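Here are a few exercises to work through with the model open in your viewer. Try each one before you read its solution.

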Amino acid sequence: EPWQLITSGFTHVEAMHILFNMAVLYMLGPNLEAILGRARFLAVYLIALIGGSASVMLFTEPWTQTLGASGAIYGILGAYLIAAIKHRGDPRTILMWLTINIAFSFIFANVSWQGHIGGLVAGTAATAAAVVEVSMSRTGSSSRIWASAGSAGSPSGSSIEGSKQLI
């Protein structure tokens, strides 16, 4: 059933699973939304969610079932990486988060590495495409797009004070 590509991302079995996903979304979401704008942020989130689900369908057995928004969360992490790179920020913090989380995807049982990697690839690609599309459609320097993004590489939640929609 095709709707399961999306609905599985809004269903969780364990409380800790949804708590971890919501904690990351709470920490990274507001800053990334300020950078991308509400519509692009939502688009990246949904593309990452669908990318994670599609990856599960592509790389697992047909009867495999997965639940959770982790693919979308990994897409948000990838989007943050693109923001850090585009802004010429320090991407080490977000790369550390990605490394640890990708390792967890392969180390722990009953974790869908397919959904995580699919969401990461889809969210990163969607953000990169949005950055390229915007920089090509504007006149002048594309570096203005991210000019007041703050330190996009820091998931601490600080430093995008006073920013505007930048893309």
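**Exercise 1.** Find which residues of H2 and H4 meet each other.

*Solution.* Start on the H2 side: His17, Asn21, Val24, Leu25, Leu28, Asn31, Leu32 and Ile35 meet Ser70, Ile73, Ile76, Leu77, Ala79, Tyr80 and Ala83 in H4. A contact here means heavy atoms within 4.5 Å. Helices are DSSP runs (H or I, at least four residues), numbered from the N terminus. Next, look at the axes: those of H2 (residues 15-36) and H4 come within 10 Å and cross at roughly 35°. Axes are lines fitted to C-alpha atoms over the stretch in contact, and angles run from 0 to 180 degrees between N-to-C directions. Finally, the handedness: H2 passes H4 in a left-handed crossing, meaning that the near helix is turned anticlockwise from the far one by less than a right angle (clockwise would be right-handed).

Before you go on, a word on the source: this is a predicted model, where local features need pLDDT of at least 70, side-chain atom pairs count only at pLDDT 80 or more, and totals for chains, interfaces and linings use all residues. Residues are numbered from 1 along each chain as its sequence is written, and side-chain values use heavy atoms, with hydrogens and water left out.

**Exercise 2.** Work out how H3 sits against H4.

*Solution.* First the axes: H3 (residues 38-59) and H4 come within 7 Å and cross at roughly 130°. H3 passes H4 in a right-handed crossing. Then the residues: Phe41, Val44, Tyr45, Ala48 and Leu49 in H3 meet a set in H4 including Gly71, Ala72 and Gly75.

**Exercise 3.** Is H4 largely enclosed or open?

*Solution.* Count the buried residues (under 20% relative accessible area). In H4 that's 15 of the 17, so the helix is largely enclosed by the rest of the structure.

**Exercise 4.** Which residue follows H4 with a positive phi?

*Solution.* Arg88 comes after H4, with phi near 65°. Most residues other than glycine have a negative phi. Arg88 lies in the loop between H4 and H5 (92-107) and is exposed, with a relative accessible area of 75% (exposed is over 50%). Now try Asn110: its phi is about 60°, its place is the loop between H5 and H6 (113-137), and it is exposed at 84%.

Terms used
Buried means under 20% relative accessible area, exposed over 50%, partly exposed in between (1.4 Å probe, protein chains only). Helices (H or I, at least four residues) and strands (E, at least two) are DSSP runs, numbered from the N terminus.
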